[in-house]
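Have the structure open and follow along.

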Amino acid sequence: MIRVLDLAAFGEMATGLALVVAPSLVGQVLLGELLTGPAVPTARVAGIALIALGVACWKNSRLIGMLIYSAAVTLYLAWFGLTDGSTGVLLWPAIAVHAVLSVLLWRGRHTPGAG
């Protein structure tokens with residue numbers, strides 16, 4: 001069963017990486033439509049989530065998976081907010097929440113029994 005889980009984890013990580021790097025292309029090959037507008041950053045966040053899910057399953061660590069997700073989403077949303085110019089009312093609060101969660105998860109990785 002572990003080998004199947006590893007295979008599934010690597011498949012999800014590969015799909016997540018593809019969504020982060022080329023979301024529109026993934027939309028074209030999976031859905032038959034290019035992703036445009038707000039679908040692109042949404043697909044990238046979904047890609048980050050798939051990468052974190054894959055790592056969590058591969059490493060058997062929920063904590064590491066959530067840390068990767070929260071830290072990567074913090075960085076991506078902050079970059080998006082600073083470079084794209086379009087910001088929703090909850091963008092910066094979401095960035096702040098994920099930044100705090102990232103710090104707490106980072107600190108929690110040293111707690112006995114964490115993971």
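How many residues does H3 have, and how far does H3 reach from its first C-alpha to its last? H3 has 21 residues and reaches 30 Å, close to the 30 Å expected at 1.5 Å a residue. The expected span is 1.5 Å times one less than the number of residues.

A word on the ground rules. This is a predicted model, in which local features need pLDDT of at least 70 and side-chain atom pairs count only at pLDDT 80 or more, while totals for chains, interfaces and linings use all residues. Residues are numbered from 1 along each chain as its sequence is written, and side-chain values use heavy atoms, with hydrogens and water left out.

**The chain**

The chain has five helices and zero strands. Helices (H or I, at least four residues) and strands (E, at least two) are DSSP runs, numbered from the N terminus. The C-alpha trace spans about 45 × 35 × 15 Å along its principal axes. Of the 115 residues, 30% count as buried; buried means under 20% relative accessible area and exposed over 50%, with partly exposed in between (1.4 Å probe, protein chains only).

**H3 and its partner H1**

Helix H1 (residues 2-21) packs against helix H3 (residues 39-59) at an angle of about 155 degrees, with the axes 7 Å apart. H1 is therefore roughly antiparallel to H3, a term for angles over 145 degrees. Axes here are lines fitted to C-alpha atoms over the stretch in contact, and angles run from 0 to 180 degrees between N-to-C directions.

Contact means heavy atoms within 4.5 Å. On the H1 side, the residues involved include Leu-5, Phe-10 and Met-13, and on the H3 side they include Ala-43, Ile-51 and Trp-58. The table sorts the residues of this contact by class.

| Class | Residues in the H1 and H3 contact |
|---|---|
| Nonpolar (Ala, Val, Leu, Ile, Met, Phe, Trp, Tyr, Cys, Pro) | 16 residues |
| Polar (the others, Gly among them) | four residues |

**What H3 hides, and what follows**

Among the buried residues of H3 are Val-40, Ala-43, Gly-47 and Val-55. Their cover includes H1, helix H2 (23-31) and helix H4 (62-84).

After H3 comes Asn-60, placed in the loop between H3 and H4. Asn-60 has a positive phi of about 55 degrees although it is not a glycine. Is Asn-60 buried or exposed? At 69% relative accessibility, Asn-60 counts as exposed.

Definitions and conventions. Parallel < 35°, antiparallel > 145°, perpendicular 65-115°, else oblique.
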